[in-house]
Amino acid sequence: MSAIPRNQWYVAAYGREISHELFSRTLCDEPILFWRTEAGSVTATSDRCVHRRFPLSQAPSRLVGDQVVCGYHGFTYGADGKCVAVPGQTRVPRTARLTSYPVVEQDSFVWVWIGDPALADASRIPRVPYLDAAGWTTVSGREPLAARFSLLVDNLLDLSHETYLHGGYIGTPEVANTPITTEVDDEAGVIYVSRHMDDAECPPFYSRSTGLEGRIARWQDIEYTPPCLYKLHSRIAPVGSVPNPDGTDPDAFHVEVVYAITPETENSTHDFWAVARDFALEDAEVSAFLAENNRTVVLQDVEALDVLEKIIATEPEGYQELSINIDTGGLAARRMLARMAGARDEATTR
Amino acid sequence: MIPEAPPVLNGDRVYRIHWVLGTDRLRAVCHCSAEREFEDPVELWEWLLGHPAGHVPAPAPVPPRELAAV
Ligand code: FES
Ligand SMILES: [Fe+2]
């Protein structure tokens, strides 16, 4: 059985990656072709020609105006995936059509609905407006992960690993030694994990970018909406400072860390990461520092999870693990993901 | 030190788990207000998800607090 939940929205790309050129990416085991029409909207269809399955992203396949011409025998498709011309005959078979995917471009991401298009509801896409809003500056990237997406979910829901895997970057001793509160709303599909360190060492990641030195208040609030979007609301402030009752928080620095966790296949994952900040907006050095540092942290995780994938891929089903307090949120996420993946099987066997 | 972060999610069926400050114990709070402490998160989830089996509502439920704007 597949562990990948279907009938879900997934991040396929950053909007900046898609231009008026053929672009291919595999999501949830489906090879998908993307391109931007001359009017500027993003299209997503199957990347396999209906004739003999030649990849439409592969030269000599090409884009001519708002039509894709297959590089093998010339089947030609419109932006909606419908075949408009075939070689040597005037009649185009009525069923000649590429599977097309619902697409929404929002908050700097291109989201794609994987599943039954009739169920796609764009209002259910989780929002991250700060990735593309005035008053914020964002750095972002994507790393390939040769591991199943659930390993990255596990990793991100337990930030106590920062102390060990990312010591010297974002980890400090307090991260692993602070109590956490976990909240789970099954109906809304949200897992929220708070860790509020009110007197903590300032890790280099934040001292270099905020200028705060010594002890700080460091709050980490994880908000995960399975399967794809993970947000870490990070607040860094002088010790003793708390937000005002009206929600304003002038003494604090806010960093919104976002991950989009999109399965590529059952055993590989697109690890999209973004770091938005509400301070030093024009400071290119801070941008370069945060980008470089966060990418290093992401690659530390990637390296560890690639190793872990190789190990568990060879172990029999139901291998033994031991869960402790820090795993409370991760266990909740696993359960929600299993239910989402299972719901698909129910729907297709009915 | 803030022993417990204030509730953030405001649905009708929210499970909350507090890591009890200064201990190794987890306090599970069901949406029905039943509470129980655990040392193992796996057992904790079994109990929470077993609602309503064995869930006796707490004698004095915590009054709902103002929700922080997210
Ligand atoms: S495979 Fe595309 S036209 Fe033949
Ligand atoms: Fe209960």
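Me: How many helices and strands are there in chain B?

Reply: Happy to start there, with the reminder that this is a predicted model. Chain B has 1 helix and 3 strands, and from the N terminus on they run β-β-β-α.

Me: What share of the residues of chain B count as buried?

Reply: Of its 70 residues, 34% count as buried. Chain B exposes about 4400 Å², and carbon and sulfur atoms supply 55% of that area.

Me: Which residues of helix α1 of chain B are buried, and why can they be said to line one face of the helix?

Reply: In α1(B), residues 41–49, the buried ones are P41(B), L44(B), W45(B), W47(B) and L48(B). Looking down the axis of α1(B), these buried residues fall within an arc of 160°, so they line one face.

Me: What makes D40(B) a cap for α1(B)?

Reply: D40(B) caps the N-terminal end of α1(B), with a side-chain oxygen 2.7 Å from the backbone nitrogen of V42(B).

Me: Why is E183(A) called buried?

Reply: Buried means under 20% relative accessible area. E183(A), which lies in strand β12 (residues 181–185) of chain A, has 2% relative accessibility and therefore counts as buried.

Me: Which residues of chain B is E183(A) in contact with?

Reply: Leaving aside neighbours within four places in sequence, the contacts of E183(A) include P7(B), V8(B), L9(B), V14(B), Y15(B) and R16(B). For L9(B), the side chain of E183(A) reaches the backbone nitrogen at 3.4 Å. As the limit for a polar contact is 3.5 Å, this pair is within it.

Me: How do you know that N325(A) counts as buried, and what does N325(A) touch?

Reply: N325(A) sits in the loop between α5 and α6 of chain A. Its relative accessibility is 8%, under the 20% cut-off, so N325(A) is buried. Not counting residues up to four places away in sequence, N325(A) touches W19(B), D24(B), R25(B), L26(B), E39(B) and P41(B). A polar atom of the N325(A) side chain lies 2.8 Å from the backbone oxygen of D24(B).

Me: What makes α1(A) largely enclosed by the rest of the structure?

Reply: The count does: 7 of the 9 residues of α1(A) are buried, so the helix is largely enclosed. Among them are F149(A), L151(A), L152(A) and V153(A).

Me: Which residues are the closest to the centre of the largest pocket?

Reply: About 1200 Å³ of space lies in that pocket. Of the 35 lining residues, the closest to its centre are S150(A), L151(A), D154(A), Y319(A) and R334(A). In chain A, α1 (149–157), α5 (284–313) and α6 (328–349) each supply at least two lining residues. The largest share of the lining, 6 residues, comes from α6(A).

Conventions
Residues numbered from 1 in each chain as written. Chains lettered and ligands numbered in written order. Predicted model: local features only at pLDDT ≥ 70, side-chain atom pairs only at ≥ 80, totals over all residues. Heavy atoms only, no water. Buried < 20%, exposed > 50% of the residue type's maximum accessible area, 1.4 Å probe, protein only. Helix = DSSP H or I, 4+ residues; strand = E, 2+ residues; numbered from the N terminus. Arc of directions from axis to C-beta. Polar contact = N/O pair within 3.5 Å; in protein donor to acceptor, adjacent residues only side chain to side chain. Areas by Shrake-Rupley, 256 points an atom, 1.4 Å probe, with all protein chains shown as cover. 1 Å grid on protein atoms, 1.4 Å probe; cavity = no way out; pocket = protein on both sides within 12 Å on 5 of 7 lines; lining within 4 Å. Points joined across faces, edges and corners; volume = space filled by probe spheres on them. Contact = heavy atoms within 4.5 Å.
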